[in-house]
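This briefing walks through a protein model, beginning with the chain as a whole and then turning to selected helices and individual residues. Please keep the sequence and the coordinates at hand while reading.

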Amino acid sequence: MAAVIVSWNIVMLPASLIAAKRDDRELTDEEIAFFVQGFSTGDIPDYQMSAMAMAIYLNEMTPREIATLTSEMLRSGTQLAWPDDAIPRVDKHSTGGIGDKTSLILAPMLAACGLQVPMISGRGLGATGGTLDKLEAIPGFRTNLTLDEITRLTQTVGCVITGASAELAPADRKLYALRDVTATVPSIPLITSSIMSKKLAESLDALVLDVKFGSGAFMKSREKATELAHSLVRTGERMGVRTTALLTDMNQPLGRMCGNAVEVLESMDVLKGGGPNDVRQLSIELCAELMMSAGISSSFTESRSRAARTLDDGSAFERYRRMVRAQGGDPDARLSVAPAHDASADREGVVSAIDTEALGLAIIALGGGRRRIGDPIDHAAGLEMLVRIGDRVQSGQPLVRIFARDSADVEESVRTAITISDDGSASDLIVDRIAAGERRVSTLRGIQP
Ligand code: URA
């Protein structure tokens with residue numbers, strides 16, 4: 001049994017610390033460090049960590065406890081090391097959604113602005129898509145860069161997008177696997193420490209979080225997403241990284257395309273100055289946030305126009321091509337997309353709601369996502385949204401284009417994911433901006449999906 005003498009008169013036992021959290025007592029920094037280190041080395045077994053995760057889930061943690069938990073998870077592994085060259089290293093994390101392809105666009109945009117982006121991304125989680133799965137639609141693209149490759153390519157190309165190597169925050173990898181099977185994923189302290197320990201392992205100067213709420217997001221309610229955004233921002237700032245968050249609507253997919261190859265194709269359209277307006281605007285806003293936080297621009301207006309210029313003058317697209325080549329991919333490869341079939345409206349009216357999670361699950365059913373860890377992905381499968389909330393439609397009008405070798409099984413669930421009523425209206429895409437010590441409804445209102 002794990003027990004250490006921390007000072008001459010204090011002995012810690014894992015069961016006592018679990019009991020303390022179960023009884024809603026605030027844990028000390030030493031107690032949290034003892035628990036995380038014991039779990040990392042294997043001295044504290046999975047069943048005790050699972051009990052602690054459930055106690056944290058039920059009784060939550062104070063901001064200080066969350067910061068300590070994050071810092072201990074970070075200390076379970078190594079951190080990227082950068083030369084002392086004054087170049088800001090920045091990154092974005094999205095809490096995930098359907099059609100969220102902004103990482104593929106934002107990393108090259110930031111590189112084109114002179115920032116460096118060592119972006120560690122994930123795979124699909126629940127119904128949401130994963131950046132790594134999308135990029136692997138590009139033949140040859142490697143998402144398993146070593147730490148040396150991450151640091152070298154970030155400095156030579158300006159950006160990389162890769163999976164977390166085993167050396168970065170390994171305690172999170174182990175804990176996440178437990179949370180997944182013990183119903184302890186949706187906990188703000190645990191989500192905060194999980195996300196932030198991985199991002200802080202990149203040794204960043206600035207981080208922006210895209211915290212999503214709505215039918216296609218982890219956090220269904222705006223209130224919960226706001227709480228998560230505050231926790232993430234507070235933790236980043238406590239740990240010395242300039243951190244801001246945008247609160248964004250995920251009550252419908254971002255952009256038109258959802259899946260893997262189709263999202264890469266749509267990202268390339270945006271990188272070439274075209275593509276759907278919501279994807280372009282969100283990418284510009286996230287880029288402007290990081291330019292401001294990194295101190296390379298003095299106003300949001302100037303930051304937004306510089307960010308937009310990288311899309312319109314081809315410089316972001318050029319960085320994207322360099323990144324794809326540097327990671328072993330062929331930026332000119334023809335990406336295969338499965339045959340198209342349309343799901344059509346069975347009545348006339350206005351699109352009033354979209355069950356975005358159901359669309360994500362339909363993509364999984366088509367093979368575009370995983371049912372189980374390790375399942376292969378059909379990169380050619382996906383959906384194209386032909387309507388958005390607030391659009392008027394006629395009976396028989398195509399609503400969603402399904403790219404699949406066989407769409408019969410999902411056609412009905414895709415059709416019923418789109419609610420058609422007598423009226424409905426679009427809501428704003430970016431509803432709030434959260435920065436340390438402030439919360440204001442931003443000037444961003446008016447950017448609609
Ligand atoms: N993403 C993570 O990396 N961790 C969580 O706990 C939830 C989402």
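How many helices and how many strands does the protein chain have? The model, which is a predicted one, has 16 helices and 16 strands in its protein chain. The points below are grouped by topic.

**The chain as a whole**

- The radius of gyration of the protein chain is 22 Å, which agrees with the value near 22 Å that a compact globule of 449 residues would have.
- Along its principal axes, the C-alpha trace of the protein chain spans about 75 × 45 × 45 Å.
- Of the 449 residues in the protein chain, 57% are buried.
- When contacts between residues at least 6 apart in sequence are considered, 75% of those in the protein chain join residues at least 24 apart.

**Helix pair H4 and H9**

- Two packed helices are described by the angle between their axes and the distance between the axes.
- Helix H4, covering residues 63–75, and helix H9, covering residues 188–200, have axes that come within 8 Å and cross at roughly 45°, and H4 and H9 are therefore oblique to each other.
- The crossing of H4 and H9 is right-handed.
- On the H4 side, the residues that meet H9 are Ile 66, Leu 69, Thr 70, Met 73 and Leu 74, while the H9 side brings in Pro 189, Leu 190, Thr 192, Ser 193, Ser 194, Met 196, Ser 197 and Leu 200.
- Sorted by class, this contact of H4 with H9 has eight nonpolar and five polar residues, and no charged residues.

**Helix pair H15 and H16**

- The axes of helix H15 (residues 356–365) and helix H16 (residues 408–416) come within 9 Å and cross at roughly 175°, an angle that makes H15 roughly antiparallel to H16.
- Leu 359, Ala 362 and Ala 365 of H15 meet Val 410, Ser 413 and Val 414 of H16, and by class the contact of H15 with H16 has five nonpolar residues, one polar residue and no charged residues.

**Helix H5**

- Helix H5, residues 102–112, is mostly covered, since ten of its eleven residues are buried.
- The buried residues of H5 are Thr 102, Ser 103, Leu 104, Ile 105, Leu 106, Ala 107, Pro 108, Met 109, Leu 110 and Ala 111.
- H5 is followed by Gly 114, which has a positive phi near 95°.

**Leu 335 in its loop**

- Leu 335 has its place in the loop between helix H14 (315–326) and strand E9 (340–344).
- Is Leu 335 buried or exposed? Its relative accessibility is 14%, and because this is under 20%, Leu 335 counts as buried.
- Apart from neighbours within four places in sequence, Leu 335 is in contact with Ala 137, Ile 138, Pro 139, Ala 261, Val 264 and Leu 265.
- Leu 335 and Ile 105 are 230 residues apart along the chain, and their C-alpha atoms are separated by 17 Å.

**Alanines with positive phi**

- Ala 86, although it is not a glycine, has a positive phi of about 70°; Ala 86 lies in the loop between H4 and strand E3 (90–94), and with 74% relative accessibility Ala 86 counts as exposed.
- Ala 183 has a positive phi near 60°, likewise in a residue other than glycine; Ala 183 lies in the loop between helix H8 (170–181) and H9, and with a relative accessible area of 57% Ala 183 is exposed.

Definitions and conventions. Residues numbered from 1 in each chain as written. Predicted model: local features only at pLDDT ≥ 70, side-chain atom pairs only at ≥ 80, totals over all residues. Heavy atoms only, no water. Axes fitted to C-alpha atoms, helices over the stretch in contact; angles between N-to-C directions. Helix = DSSP H or I, 4+ residues; strand = E, 2+ residues; numbered from the N terminus. Parallel < 35°, antiparallel > 145°, perpendicular 65-115°, else oblique. Left-handed = near helix turned anticlockwise from the far one by under 90°. Contact = heavy atoms within 4.5 Å. Nonpolar A, V, L, I, M, F, W, Y, C, P; charged D, E, K, R; others polar. Rg over C-alpha atoms; globule rule 2.2 N^0.38 Å. Buried < 20%, exposed > 50% of the residue type's maximum accessible area, 1.4 Å probe, protein only.
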